[in-house]
Amino acid sequence: MDLAAKGAQCVVVVQGTAPGQEFGLDAYAWELGPKFGGVSEVEAGLHLLVFTGRSDGVRRGLFVWLEPGEVKVVSCATDDVGVPWVPEGAMDSLRRSLPSLGLGPYPPEHREVWRRIGGRITRATLERCGLEVDRGFLCDDADFDDDLDEVTMAKEARKLAKVEEELDEPNSSSRHHVGGPPPRWTSLDRPRKATTLDHLDGSDLVRGLVRTSFGSFVEVVAEVDAAFLLFAAVGSLTALKQWQRGIALLCSCDALLSSDEAFAALVAAALRAHLELAPPDFFSDPLVATADDVLRPALAHFFESRPTDAAFFAYVQHKFGLFDDARSIDEAKERGLFDSADDAPVVVDDDVATEKKREELNYFVDVRESDPQTKLRVLGFPRLSDAVLPGKEDAFMTAARVLDTPQADPALKDEARRFLILQSEE
């Protein structure tokens, strides 16, 4: 009997495991026994495999793409997890021996969970994050910094891309790679001035990200899905940080959430899928202590924009104990349960406020009177400054030209977008 052909479902044959080793498929993990040989009845499409290293116990991730009826061989005999090349004759023999390999069926109750959280992730999502199917990777958080700023993240991403190019030496007889560099994440930062404004609507920023980096709202949410998945399954703290940024941004899109039903449904579906996998003590877990500073206000912002999502509100209340015993979103809003400590007014001495305002005014007047290249450098847009055509265009014209140029460097486009948003807020 060809197990892989059953309903066009697939088989993942896992070689080189050891008893007691941890193995994960999609959103769940198990401790392996001595007879484990793989998983049968796996649906076609994208899946995430997770292994603990044989020598260090560190989790490795591996995305695989399964075609209908495919038998995929995965090797974790060493700490280098990957997909070895199998000659056609050997694959035929392997297919015939599947019933004796100790395969366990994919848990049927996990299928819908994986569809909800992994169904939006595409090859384009992985490519943007610096990941490849059939290539193992490590999420190295040894240098994790909870206060890592977006500019530093972008610099580190470029370093990782260079390292990846140096490590990626083609091998015609095998696709078994050493664990690649950690995933790199798209910058979701707001303009520096905008970060000081309370409850800034993120709709324009998300629309800009769609134009410059993602191509669709679905791809924006897909990267947030991937970040949550790599945090939950692989244990990456940098992925946790990206997930927090993504959730905070999506939930701040007042205009989109209140006017675009498709976008609102997309965000709500992702939020629900993520929080269904989170334990009840998630908001107080020391590992994600900063989540309470980000996720609770994000959820509050979401419910303020979507006062009709009563079922989701009740789910969050029941599972995590948030927003006390309010009987509705409107009641929670009236009782101030959506307010945070940051919403309290800040009393500033009049003399101090006046002097600060004068300094800011003088600063921006000086900048505006300077040439475009100097202005852009002072404001922190060095790439955009270098792109100015002296004597032919001002800073606004340069930014517009960059965004209209399809082949322009993504980092340059990002600076152009942030500059235009910054100026629109003045």
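**Close-ups of salt bridges and a hairpin**

**View 1. Arg 335 and Asp 325 meet through their side chains in a salt bridge, at 3.1 Å from N to O.** A salt bridge here is a side-chain nitrogen of Lys or Arg within 4 Å of a carboxyl oxygen of Asp or Glu. Arg 335 sits in the loop between helix H12 (329-334) and helix H13 (350-369), and Asp 325 in the loop between helix H11 (310-320) and H12, so the pair ties together parts 10 residues apart in sequence. Asp 325 is exposed at 56% relative accessible area, while Arg 335 is partly exposed at 40%. (Buried is under 20% relative accessible area, exposed over 50%, partly exposed in between, with a 1.4 Å probe and protein chains only.)

This is a predicted model: local features need pLDDT of at least 70, side-chain atom pairs count only at pLDDT 80 or more, and totals for chains, interfaces and linings use all residues. Residues are numbered from 1 along each chain as its sequence is written, and side-chain values use heavy atoms, leaving out hydrogens and water.

**View 2. Glu 223 and Arg 128 form a salt bridge, 2.9 Å from N to O.** Glu 223 belongs to helix H6 (residues 217-234) and Arg 128 to helix H3 (residues 123-128), 95 residues apart. Both are buried. (Helices are DSSP runs of H or I, at least four residues; strands are runs of E, at least two; numbering starts from the N terminus.)

**View 3. Strands S2 (residues 22-25) and S3 (residues 28-31) pair antiparallel over 4 bridges.** Pairing takes at least two DSSP bridges between two strands. Leu 25 stands opposite Tyr 28, and Asp 26 in the turn has a positive phi of about 65°.
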